Amino acid sequence: MGANEGAKAPGKGEEKGKGKGKGGFGAGLLRFSIFVSTMVVLFGCMAIAMLGGPEKASDALNYRAMRFFRDLGRVKARRRLYAGANAVQVYSDVLMGRETDTLELAETDEVVTFEELAQFDGLTDPNAPLWLAVRGRVYDVSKGTSFYAPGKNYHAFVGKDATRAFCTGCLEPACLISSTLGLSDAQVKEADRWAEYYEHHDKYTFIGKLEKPRVDIDELVEEALFAEEDGDYVPPAVPSDSPDLR
């Protein structure tokens, strides 16, 4: 009889126990971290509701929920790209805005005009794809109809470059523009995170770069600044490495 022939094969219970010892704790900790983060988002919105009323709470809840699920998507992309990465550490870094890496964005010569982008708003042609732009990059989000179709919470972003709104959370019509003039570095970084999210999402597709603006946008920026400062919405807190937040 060979040296290993008499060895007893591990039973199902032993195999399960072994699996739990190896990866169960990490998976459980990740689930706990997600649960805690969700509670923080919900309690934050409840506080806004008490201080600013239901309309502000609704806007804040939508934007905070968008950012929360965006960051979960960015964690998923990193785990897919970085095999063997510590899921809890990746989640913590991304959620807290402490990530030091920037996922690469594709280069292209494909140019999308403003007129073309506007046609894919879900209203001009209900059968056409849904396109949006952030930081001058155009993405097809047609597979996210439950979020971006007409009448859904995030349809305001479709058919235009709404980089400023992605930065601030202000969804007033005046804020749905591409300019980031007057915004802090931390706010602009939020738009970069959104571009990364759409770029590496497994359901959304990068279409091309938006053509450069052909008009003077100073007046539009002035209107956006007014909309942001008139008290109609609550600017969300944004993660930053710097204490210089507005």
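Arg193 and Glu99 meet in a salt bridge, with their closest N and O atoms 2.9 Å apart. Arg193 belongs to helix α7 and Glu99 to the loop between α3 (87-95) and β1 (111-112), so this pair ties together parts that are 94 residues apart in sequence. A salt bridge here is a side-chain nitrogen of Lys or Arg within 4 Å of a carboxyl oxygen of Asp or Glu. Helices (H or I, at least four residues) and strands (E, at least two) are DSSP runs, numbered from the N terminus.

Before going on, some ground rules. This is a predicted model, in which local features need pLDDT of at least 70 and side-chain atom pairs count only at pLDDT 80 or more, while totals for chains, interfaces and linings use all residues. Residues are numbered from 1 along each chain as its sequence is written, and side-chain values use heavy atoms, with hydrogens and water left out.

Salt bridges with shared partners join Arg193 and Glu99 into one network with Arg67, Arg70, Asp71, Arg74, Arg78, Glu190 and Glu196. Buried means under 20% relative accessible area, exposed over 50%, and partly exposed in between (1.4 Å probe, protein chains only).

How many salt bridges are there by this rule? The count is 13. Three of them are set out here.

| Salt bridge | N to O distance | Relative accessibility |
|---|---|---|
| Asp71 and Arg70 | 3.0 Å | Asp71 6%, Arg70 1% |
| Lys76 and Asp202 | 3.0 Å | Lys76 46%, Asp202 48% |

Helix α7 (residues 185-200) has 16 residues and spans 23 Å from its first C-alpha to its last, close to the 22 Å expected at 1.5 Å a residue. The expected span is 1.5 Å times one less than the number of residues. Of the 16 residues in α7, 13 are buried, so the helix is largely enclosed by the rest of the structure.

Arg70 turns up again here: its charged end sits over the ring of Trp194, 5.0 Å from the centre. Likewise, Arg137 lies over the face of Phe206, at 4.1 Å from the ring centre. For this, NZ of Lys or CZ of Arg must be within 6 Å of the ring centre and within 35 degrees of the ring normal.

Trp194 and Phe206 are also members of one aromatic cluster, along with Tyr139, Phe147, Tyr148, Tyr154, Phe157, Phe166, Tyr197, Tyr198 and Tyr204. Across the whole structure a search finds 17 aromatic pairs. Phe147 and Tyr148 have ring centres 6.4 Å apart and planes at 65°, so that pair is edge-to-face. Phe147 also pairs with Tyr154, this time stacked, at 6.1 Å centre to centre and 10° between the planes. Rings of Phe, Tyr and Trp (its six-membered ring) pair if their centres lie within 6.5 Å; planes under 30 degrees apart count as stacked, over 60 as edge-to-face and the rest as tilted. Phe147 is partly exposed at 42%, whereas Tyr148 is buried at 3% and Tyr154 is buried at 11%.

β2 runs antiparallel to strand β3 (residues 137-140), with four bridges joining them; strands pair if DSSP finds at least two bridges between them. Val134 stands opposite Arg137 in β3. The two strands form a hairpin with two residues between them, and Arg135 in the turn has a positive phi of about 55°.

**The disulfide**

Cys170 and Cys175 are joined by a disulfide, S to S 2.2 Å (the cut-off is a pair of cysteine sulfur atoms within 2.5 Å). The torsion about their S-S bond is about 60°, so the disulfide is right-handed. Both Cys170 and Cys175 are buried.
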